Amino acid sequence: ATHSLFLLPGDGIGTEIMVEVEKIIAWSNAEGLTDFAIDTGLAGGCAYDAHGEAISEDDMAKALKADAVIFGAVGGPKWDNVPYDKRPEAALLRLRKDLGLFANLRPAICYPALADASALKRELVEGLDILIVRELTGGVYFGEPKEITDLGNGQKRGVDTQVYETYEIDRIARVAFDLARTRGNKIHSADKKNVMKSGVLWDEVVRTVAKDYSDVAFNHILADNCAMQLVRNPKQFDVIVTDNLFGDILSDVAAMLTGSLGMLPSAALGAPDAVTGKRKAMYEPVHGSAPDIAGKGIANPIAMIASHAMALRYSFGMIELADKVEGAIASVLADGLRCADIAQDNRKTVGTEEMGAAILAK
Ligand code: NAI
Ligand code: MG
């Protein structure tokens, strides 16, 4: 096989929606459009049950070797009381850390058929296609000191530290500019350089990188204004690059412009390999394992399938096939097919398998 995919379906609906991706891979292999070798492992609660760890060393080694990892979702009430470092989410953190996944790609695409499900008016979101590129391994979530200290007078002090170094900003900016070139050639960099030193450095480094991409239109925007503009006029944006904290918030705002959690894919990319130039990458839906609907066969597989489409696009440069898969999603939605989470106007809803089959048929 030319390329390798490592599938980690995980827990709950993760296993149900991954099945629909496997069918698409089997089809594209059979058609000769792809030549994927597939391997499957355990991550999350299922791995804990099997090995006593959220992910085994064997599966970690496979994830590191694969050209891309396709991840379902992990977690569930069954594992609420396992030791902290073995909880299902520990698998995700380990994968992100060991694969060095510092760039989180969160698209916000509004399918015309679902425009009325948006938090905004149809004309504001119809045709919306934004990509938020969030720095994932630095900033205030990781900076030191990070502590609560007792001041001894009945008062305490909580401290988190926003830290960014040049190389961290440079590499995320390059990911974002490279992506902008494959899309609308337009980028907004969001920070708070008006009140934060790390923001001043962020802007300085991003502007330096921008000089290497003179074909991409560069815009600076203050993060708070960016939040406002996302709600006021989201279609002005194409690629938005920002730090870990602002990216967390802005991507959730953007998500709500598009409808349901069950529709949202994501990708996490690492540094290019020194020899092959290929980036480590993991693709996963934004949603979790949805224990409330697990086992019922009603989970929406679209976020999972769209995550696979992102893998085709960003890890393998299979643009036509990625367009085809995303087009099939848009097409079944236009036909009126809905899973329960995106049901509209008392329309009949379909289950996971029927939605997956309809997309595959397109
Ligand atoms: P969740 O995303 O699993 O579910 C939130 C709500 O959205 C639920 O009502 C669920 O039924 C619905 N939903 C989610 N995905 C759906 C889909 N594809 N189709 C239809 N409906 C869908 O978040 P929640 O409930 O906070 O967490 C459940 C478990 O998932 C927890 O153990 C949590 O830690 C874990 N989790 C895992 C993530 C991951 O693996 N990346 C991310 C978020 C949560
Ligand atoms: Mg969030």
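The end C-alpha atoms of residues 4-359 lie 23 Å apart, and this span is 38% helix and 22% strand, where helices (H or I, at least four residues) and strands (E, at least two) are DSSP runs numbered from the N terminus. An unreviewed UniProt entry places the feature "domain: Isopropylmalate dehydrogenase-like" at residues 4-359; UniProt positions follow the numbering used here, feature names are shortened, and annotations may be inferred rather than shown by experiment. The model is predicted, with local features needing pLDDT of at least 70 and side-chain atom pairs counting only at pLDDT 80 or more, while totals for chains, interfaces and linings use all residues. Residues are numbered from 1 along each chain as its sequence is written, with chains lettered from A and ligands numbered from 1 in the order in which they are written.

- Val69 is in contact (C-beta atoms, placed from the backbone, within 7 Å) with Phe6, Leu8, Ala63, Leu95 and Met282, leaving aside its neighbours within four places in sequence.

**Pro107**
- Pro107, in strand β4 (residues 103-109), is buried, with 24 other C-beta atoms within 10 Å; 20 or more count as buried, 12 or fewer as exposed, and values in between as partly exposed, with C-beta atoms placed from the backbone.
- Neighbours within four places in sequence aside, Pro107 is in contact with Ile130, Leu131 and Pro265, whereas the C-alpha atoms of Pro107 and Arg87, 20 residues apart along the chain, are separated by 28 Å.

**Ligand 1**
- Around ligand 1 there are 21 residues (C-beta atom, placed from the backbone, within 6 Å), of which Gly75, Gly262, His287, Gly288 and Asn300 come nearest.

**Annotated binding site**
- The unreviewed UniProt entry gives the annotation "binding site" to Asp224, Asp248 and Asp252.
- These residues span 29 residues in sequence, yet no two of their C-alpha atoms are more than 13.8 Å apart, so they gather at one spot.
- Asp248 lies in helix α9 (residues 244-255) and is partly exposed, with 18 C-beta neighbours inside 10 Å.
- Asp252 lies in helix α9 and is partly exposed, with 14 other C-beta atoms within 10 Å.

How values were computed: Contact = placed C-beta atoms within 7 Å.
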